[in-house]
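Colleague: I am new to this one and would like to go through its labels with you. Could you show it to me before I start asking?

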Amino acid sequence: AKMLAGGTSVLLDLGTVREVAEVWLNGKPLGILWKPPFRVDATAAAHAGRNRLEVRITNLWPNRLIGDSALPEDKRLTYTTFQPYRPTDPLLESGLIGPVTLMAEKTIVVK
């Protein structure tokens, strides 16, 4: 992997996320993003050329409960003593909605 040109920094912006994003770039953890703006400095992990981005999203669980409510009890992935959701309830917006952008910045020292 080639290094970035000197003075170059990189900012990764995930756009809209519902609800929490855990981010890695080239196998290096960049942290957990849990509120807007969903941005992180990716300079230390980025390199020139092709990079590998991994984003794991953790959602709120109403969508899982709504989905499970449509399944027979023995096929459900969750268990609750109180089921406030029905199969016809609308799903909440979820996941990595984006847009995902990568911004590069070059620092130039003026003397």
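Colleague: Why is R56 called partly exposed?

Modeller: The relative accessible area of R56 is 47%, and since buried means under 20%, exposed over 50% and partly exposed in between (1.4 Å probe, protein chains only), R56 is partly exposed. This is a predicted model, in which local features need pLDDT of at least 70, side-chain atom pairs count only at pLDDT 80 or more, and totals for chains, interfaces and linings use all residues. Residues are numbered from 1 along each chain as its sequence is written, and side-chain values use heavy atoms, with hydrogens and water left out.

Colleague: Where does R56 lie, and which residues does R56 touch, not counting those up to four places away in sequence?

Modeller: R56 lies in strand β6, where helices (H or I, at least four residues) and strands (E, at least two) are DSSP runs, numbered from the N terminus. Contact means heavy atoms within 4.5 Å, and with residues up to four places away in sequence not counted, R56 touches V20, A21, E22 and W24.

Colleague: What makes the link between the side chains of R56 and E54 a polar contact?

Modeller: A polar contact is a pair of N or O atoms within 3.5 Å; within protein, one must be able to donate a hydrogen and the other to accept it, and residues adjacent in sequence count only if both atoms are side-chain atoms. The side chains of R56 and E54 are joined at 2.9 Å, and the side chains of H47 and N26 also make a polar contact, at 3.3 Å.

Colleague: What makes helix α1 mostly covered?

Modeller: Helix α1 spans residues 62-69, and six of its eight residues are buried, namely P62, N63, L65, I66, D68 and S69. N63 counts as buried because its relative accessibility is 14%, and, leaving aside its neighbours within four places in sequence, N63 is in contact with L91, L92 and S94.

Colleague: How do you know that the charged end of K35 sits over the ring of W34?

Modeller: A charge sits over a ring if NZ of Lys or CZ of Arg is within 6 Å of the ring centre and within 35 degrees of the ring normal. The charged end of K35 is 5.7 Å from the centre of the W34 ring and is listed as sitting over that ring.

Colleague: How does the radius of gyration of the chain compare with that of a compact globule?

Modeller: The radius of gyration is taken over C-alpha atoms, and the globule rule is 2.2 Å times the number of residues to the power 0.38. A compact globule of 111 residues would be near 13 Å, but the chain has 20 Å, and its C-alpha atoms fill a box of roughly 70 × 25 × 20 Å along the principal axes. Buried residues make up 24% of the 111 residues.

Colleague: Which elements does the chain have, and how many of each?

Modeller: The chain has one helix and eight strands, which run β-β-β-β-β-β-α-β-β from the N terminus on.
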